[in-house]
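I opened my notebook to look up how this chain is put together. Here are my entries, in the order I made them.

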Amino acid sequence: MQSEIAKKIEQISNRIFPKLVRLRRQLHQYPELAFGEFRTSKKIEELLKKLSLPVKTGIARTGVVGILHGKERGGTVALRADMDALPIHEQTNFPYKSKNRGVMHACGHDVHMSCVIGAAFVLSELKDELSGNVKFIFQPGEEVLPGGAKSMIQAGVLKNPAVSGIFGLHCDSSIRVGKIGVRDGPTMAQADDFEIVIIGKGGHGARPQDGIDAIVVSSQIIQALQTISSRKINPVEPVVISVGKIEGGSARNIICDRVVLKGTARCLNKRVARKIPILLNQVISGITKSAKASYRLNYKVGYPVLSNHPGATDLARVTIAKILGKKAIFEIKSPVMGAEDFAYFLEKVPGSFLRLGINNPEKNAIYPWHHPKFTVDEEAIKIGTSVLAGIAFEFLNADRKFHRS
Ligand code: NI
């Protein structure tokens, strides 16, 4: 990307910034839960149509895709935003706080949408200088399994024309506004859900020998699950197994006949991920057998490991340096065990998922994701917009080497 293009991208991003802030606040006021983003997707559709882009709607229920054709023919790059909010009651005092009681954009998806719409505005103005196509993908239901990404891929959003690179970003309150976090390789975890039902035999609390105490069995299982990561998996591979919920028992003097444990299992390696349910079964079956109890394990595989393509991430680094300067690149040192369904796109197409710095204590933008006081420094919208637009240019006009490798 030549420096004149970088300059133009910056100028347009600055000019449309007030409009993007208004958009973000509108979206913020009317947050919608996963797969119920009807008002949101209507708004996105209107904005893309205003740019005279061909638009497809109703993909995976509420998903929207717009496509911009550059003047010259070429490849296709995609920019993705997620659209859903969370079942959280907002505790901020902004005039634009949520009007949908108990629902809040507490993960910044309102910002992600504004950045991708912003990129659509910028790139539409510069389409005569663009070789190839840009797809703008607005995805429902990132927060709830099975997520919207998978069904959008099944519906063919990466085809016709075939997408050869995909980029997205996520707000990050641990990164100062003005910076963009990047990382090669595994960056976010595979996150699976499990439910274990332990079936014992009830009885009087004074006569334990006549029953099979599901509470004692479950306590052994909870302890033993921790030996999966500490004793059964290579210690250099991060694994988290957390039991977050226990249900069981009816009274203090009754032997409990049934306990349900619910939890999450996370790791950063596909092969390790395949081992975890097998190891869970081994541990649970051994313990229940020794107690003459039985069990059912319901294991639900979640979003895969999110792995950024090094070439695509380098392209992002080059773009950030051209638009914002090298100082804006924030190298993320270690992965996190959170999950994100952008990972499905990256399984199909090389690309990179960036972190958009939103932290600014002066604007109270310090709270982590899913916090009822979560907020952002809106300057980040301008930064996200220009970087995404720049990446599309860089990908289509300059460097296409990485998607052949
Ligand atoms: Ni999120």
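**Entry 1: the four-strand sheet.** I looked up an open sheet of four strands and found the order β10-β12-β8-β13, with antiparallel pairing. Strands here are DSSP runs (E, at least two residues), helices are H or I runs of at least four residues, and both are numbered from the N terminus. Two strands pair if DSSP finds at least two bridges between them. β10 (239-248) and β13 (294-300) stand at the edges with a single partner strand each, so one side of each has no neighbour in the sheet. Neighbouring strands of this sheet are turned by 20° against each other on average, direction ignored. Helix α6 (residues 270-291) packs on the sheet and touches β8, β10, β12 and β13. The direction of α6 makes about 165° with that of β13. Contact means heavy atoms within 4.5 Å. Axes are lines fitted to C-alpha atoms, for helices over the stretch in contact, and angles run from 0 to 180 degrees between N-to-C directions.

Strand β8 (residues 190-199) and strand β12 (residues 258-267) are joined by 10 bridges and run antiparallel. Q190 has C267 as its bridge partner in β12.

**Entry 2: ground rules.** I noted that this is a predicted model, where local features need pLDDT of at least 70 and side-chain atom pairs count only at pLDDT 80 or more, while totals for chains, interfaces and linings use all residues. Residues are numbered from 1 along each chain as its sequence is written, and side-chain values use heavy atoms, with hydrogens and water left out.

**Entry 3: the eight-strand sheet.** I found an open sheet of eight strands in the order β1-β2-β4-β3-β5-β16-β6-β15, with mixed pairing. β1 (55-59) and β15 (329-331) stand at its edges, each with a single partner strand, so one side of each is left without a neighbour in the sheet.

Which strands does β4 join? Six bridges link strand β2 (residues 63-69) to β4, and the two run antiparallel. I67 has K135 as its bridge partner in β4. Eight bridges link β3 to β4, and these run parallel. R80 has I137 as its bridge partner in β4. The chain goes from β3 through α3 to β4, a right-handed β-α-β crossover. Right-handed means that, with the strands pointing away from the viewer, the path from the first strand over the helix to the second runs clockwise.

Is strand β4 (residues 131-139) enclosed or open? Nine of its nine residues are buried, so β4 is largely enclosed by the rest of the structure. Buried means under 20% relative accessible area, exposed over 50%, partly exposed in between (1.4 Å probe, protein chains only).

**Entry 4: the nickel ion.** Which residues are its protein donors? I found C107 (SG), H109 (NE2) and H170 (NE2), lying 2.2 to 2.3 Å from the ion. Donors are N, O and S atoms within 2.8 Å of the metal (3.2 Å for Na, K and Ca); water is not among the atoms, so sites may look incomplete. Their spacing along the chain is C-x1-H-x60-H. C107 sits in the loop between β3 (72-82) and α3 (109-125), and H170 in strand β5 (residues 165-176), 63 residues apart. C107 and H170 are buried.

**Entry 5: cysteines.** I searched the whole structure for disulfides (cysteine sulfur atoms within 2.5 Å) and got zero. The sulfur of C115 is 7.0 Å from its closest cysteine sulfur, in C171, too far for a bond.
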